[in-house]
Amino acid sequence: MEFTVVRMPKIIFGPGTRMKVGEEAAARGRKALVVCGRGSVRREGYLEQVRSSLAESGVEGVVMEGVEPEPTVEMVERGRAKLQRSGCDIVIGLGGGSVMDVAKAIGGLAGTRESAAAFVAGPEPPRPGLPVICLPTTSGTGAEVTRNAVITDPARRVKASIRGDSLMPAVAIVDPELTLSLPPEPTAASGLDAFVQALEAFVSRGASIITDDWSLRALAAIAGSLRRAWRNGGDRQAREQMSLGSLLAGMALGSARLGLVHGMAHPLGVLYHVPHGLVCAVLLPEVVRFNAAVAADKYGAAARAMGAGRTVDDLLDWIAELYGEMGVPSRFEQLKEDDFEIIVNQTLASGSTRANPRPVTESDVTEILRRLM
Ligand SMILES: [Fe+2]
């Protein structure tokens, strides 16, 4: 047996734990750049709570708002410039996957003057960066515990990772209360991403006895709570289980990596501007069918952990029922044959694709795309 488990952040989990951010920041710096999105964390009062926690611990907070979904290298550069001007020595990401990725990129690139674009699908940034604290407000990407940031470079039409140890957050504060006000649509999209990530990490080539435990617990937590959190956002128990599931899936994929769904999801996301979680959800059934020849046992174990049956077919039935209820389409209407070449090339170049349990060829990807049209 041989496996690798990467170093992880200090993890603080539980309702109300966001108020520990000041204490954690004070242990690592004096002035924090607080990165967030387009208004919801301010509207819900979370930003003010984080700022008061920082102030109580004697840490100054500088706010950078306006991070958009599918963040670009330009957004990262804006944050790096603000970091320089303000003299912050710690970065806090308060938001969903995009916000956390931008915060991680800003902190992780603090040790270099080179452009962010040079590191997208490029070399690892030099260590050390600045310490980053992540507080997720969705239950989805698990970005609070991974060492990469997914950033789009529009000039090259590439959506890929900046990856390296300097991007690993120092602290992940996972407070399920931060997800209570998330509307149904992003609850579905981020929750489906967490589900796909748990399943891909479980069957991945990099999976180990350690990550398998995390993946199975993630699958059980998500299967039992995704529908409930989507139907009733105020269901605290469901929100807590989704936060737990998403965290565990992030821990698993950080070491095990992912698979073909994520390999294909990035080019499709950048071409058609569909939310990442939804792209992954649409791709999943076809990829499960493709992988079934080599991973049937594991898919069966996943189904058992989810209370969904015992076989690949049971798993696919469970997924179909979930999608029917949540309105997840089974096809990509936007898909154009002219785009196949770029999708295939980027899919085959992806590290996620290389971690897929069944080796993937050009014609495999084309075949899957055809089925999805
Ligand atoms: Fe994902």
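Q: How far apart do the C-alpha centres of domain 1 and domain 2 lie?
A: They lie 25 Å apart. The chain is divided into domain 1 (10–178) and domain 2 (183–372), with bounds from an automatic or database domain assignment. This is a predicted model, where local features need pLDDT of at least 70, side-chain atom pairs count only at pLDDT 80 or more, and totals for chains, interfaces and linings use all residues. Residues are numbered from 1 along each chain as its sequence is written, and side-chain values use heavy atoms, with hydrogens and water left out.

Q: How many residues of each domain are in contact?
A: On the domain 1 side 21 residues are in contact with 26 residues of domain 2, contact being heavy atoms within 4.5 Å.

Q: And what area is buried between them?
A: About 1,900 Å², with carbon and sulfur atoms giving 58%. Buried area here is the accessible area (1.4 Å probe) that two parts lose on being put together, summed over both. Ser139, Arg157 and Lys159 supply 31% of what domain 1 buries against domain 2, more than any other three residues.

Q: Switching to the metal. Which residues are the protein donors of the iron ion?
A: Asp193 (OD), Gln197 (OE1), His262 (NE2) and His276 (NE2), at 2.1 to 2.2 Å from the ion. Donors are N, O and S atoms within 2.8 Å of the metal (3.2 Å for Na, K and Ca); water is not among the atoms, so sites may look incomplete. Along the chain the donors follow the spacing D-x3-Q-x64-H-x13-H.

Q: Why is the arrangement irregular?
A: Because the 4 donor atoms subtend angles of 91 to 155° around the iron ion. Four donors count as tetrahedral if all angles lie between 85 and 135 degrees; four count as square planar and six as octahedral if opposite donors are over 155 degrees apart and all others between 65 and 115; anything else is irregular.

Q: What separates Asp193 and Gln197 in helix 6?
A: About one helical turn, because they are 4 residues apart in helix 6 (residues 184–203). Helices (H or I, at least four residues) and strands (E, at least two) are DSSP runs, numbered from the N terminus.

Q: Is Asp193 buried or exposed?
A: Buried, at 2% relative accessibility. Gln197 is also buried, at 4%. Buried means under 20% relative accessible area, exposed over 50%, partly exposed in between (1.4 Å probe, protein chains only).

Q: How many residues has the largest nonpolar core?
A: It has 76 residues, and those with the most contacts inside it include Leu268 and Leu369. A nonpolar core is a set of buried Ala, Val, Leu, Ile, Met, Phe, Trp, Tyr and Cys residues joined through side-chain atoms within 4.5 Å. Helix 11 (residues 276–306) gives the largest share of this core, 16 residues. At least three residues come from each of domain 1 and domain 2.

Q: What does Leu369 touch?
A: Leaving out residues up to four places away in sequence, Leu369 touches Met264, Leu268, Leu335, Phe340, Ile343 and Val344. There is also a second, separate core of 21 residues, including Val41 and Ile173.

Q: Is Ala121 buried or exposed?
A: Exposed, at 58% relative accessibility.
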